[in-house]
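Here is a briefing on one structure.

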Amino acid sequence: MIVTFTPSPSLDRAYDVTELAVGEVNRATGTHIHAGGKGINVSRALARHGVPTVAVLPTGGPDGDQLLIALGRQGVASRPVPVAGDTRSNVTLVSQDGVTTKINAPSPELSPDESRALIEAVEAEAAHGARWIVAAGSLPDGSGDLFARLGEVSRRRGIPLALDTSGAPLRDTLAAGGIALVKPNDDELAELVGADLQTVGDVRAAARELIAAGTGAVLVSLGSHGALLVVPDGCWWAGGAPLVPLSTVGAGDTTLAGYLSADGTPPERLRRAVAWGRAAVLMPGSDVPDPSRVDVAAVRVVDDPDPHLTLKEL
Ligand SMILES: Nc1ncnc2c1ncn2[C@@H]1O[C@H](COP(=O)(O)OP(=O)(O)OP(=O)(O)O)[C@@H](O)[C@H]1O
Ligand SMILES: [Mg+2]
C-alpha cells in the first residue's frame, strides 16, 4: 500500500469556453469538477492501476466535501483530516484552440494542531503495512516543516518517503535528511542547486550533490526528453519517440506513481516511470492512464548516458 499526503488539495473546476475574452462575460460550453493536488494525482494513477493507495488530505467547508465525493468517484480511498479553513478551488479555463488559463487559489492556513493531526493521520495509515509514503505539492502557510516532520515518521517507521515539491519546502525537507526518493523536474532541480542544467552531466552532478547530502535516489523528469535516475552507484536515462501531448498536466505525478508501483531494479523502475509519464500526456486534461495505455516496450533505457549530451539532444 502507498500512502500519499497532499497538504494543499483543491477542488479543481474546469470551464470550456469557445474563446476567452478578458473583461467580458464568457459563456462556458461545458464544466468539469475533479479532485486536484499532487499527492492525490499520484493516488489516482496508482488506483487506476489497481495498486492499493490511500490519500491523506486536509478538508474543510463545502468544497472539501465535494472534493471527497470526487475522489470517491475516481476510486481513490482517502483519509480526510477536517480543518477550519475552506478547501480551495482552482479554476481552469480551456478555450477551443487548446489554450489553458489557470487561476490557483491560496490554500487555507493550517494551525499547529491541524498540522499535527495530518502527520498522525499519515502515520496511522502507513502503519497498515505501507511500502511508501509520498509527500507532494506545495505547503500551506503555517505548516512550514510538515514534510520534514514526515521524514521523521518515515525514519521511525522504516518506511521510505518520496518527495515531490519545489522551492523552499524542497530545499528545507532535503536538508532535514532521510528522504529515500526525490522527483524534481529539471527546473526545480536547477533552482535547488542554483545551477544552469544544460547537459546530462549537469543534471547528474546536481543529483549526485543531493545524494552526497543523504538523499537515497533522485528521479529527474525532463519533460519531452524523458527522465534521468541517479542512485549512489548508478545513473540511467529513459525516454522514447516524440509524442504529440494532449495535456502535460500531472505527467510528473503519474511518472512518480509509475516508479513507486514497480518492484525490480532501478532501470526497470525508471522504464515503468517514463512509460506512465508518456501515457499521461496522451490523456486529456488531468486524466490518468489505465494499464492498457501504458507502453513499457516503447521506452528505451540507457545505462550511464553520455554526460556531454545536452538535454535537448535526448
Ligand atoms: N511533451 C512530452 N512528450 C513526451 N513525454 C512527455 C512530455 N512531457 C512530459 N512527458 C513525460 O512525462 C514525464 C514527466 O513530465 P515533466 O518532466 O514535465 O513533469 P513535471 O514538470 O513534474 O510535471 P507536473 O508537476 O505538472 O506533473 C516525463 O519524464 C516524460 O516521460
Ligand atoms: Mg512535478
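Around ligand 1 there are 20 residues, and N185, S221, S224, G252 and G277 come nearest; a residue is near if its C-beta atom, placed from the backbone, lies within 6 Å. This is a predicted model: local features need pLDDT of at least 70, side-chain atom pairs count only at pLDDT 80 or more, and totals for chains, interfaces and linings use all residues. Residues are numbered from 1 along each chain as its sequence is written, while chains are lettered from A and ligands numbered from 1 in the order in which they are written.

**Ligand shell**
- Helix 8 (251-261) and helix 9 (266-281) each give at least two residues to the shell around ligand 1; helices are DSSP runs (H or I, at least four residues) and strands are E runs of at least two, numbered from the N terminus.
- The shell around ligand 1 has eight nonpolar, 10 polar and two charged residues.
- Ala, Val, Leu, Ile, Met, Phe, Trp, Tyr, Cys and Pro count as nonpolar, Asp, Glu, Lys and Arg as charged, and the others, Gly among them, as polar.

**Domains**
- The chain is assigned domain 1 (1-172) and domain 2 (180-314), with bounds from an automatic or database assignment.
- Their centres, taken over C-alpha atoms, are 22 Å apart.
- The contact takes 24 residues from domain 1 and 22 residues from domain 2, counting C-beta atoms, placed from the backbone, within 7 Å.
- Helix 1 gives the most to the side of domain 1 that touches domain 2, with seven residues.
- That side of domain 1 holds 14 nonpolar, five polar and five charged residues.

**Helix pair**
- D186, L189 and V193 in helix 6 meet V203, A206 and E209 in helix 7.
- This contact of helix 6 with helix 7 has four nonpolar, no polar and two charged residues.

Definitions and conventions. Contact = placed C-beta atoms within 7 Å.
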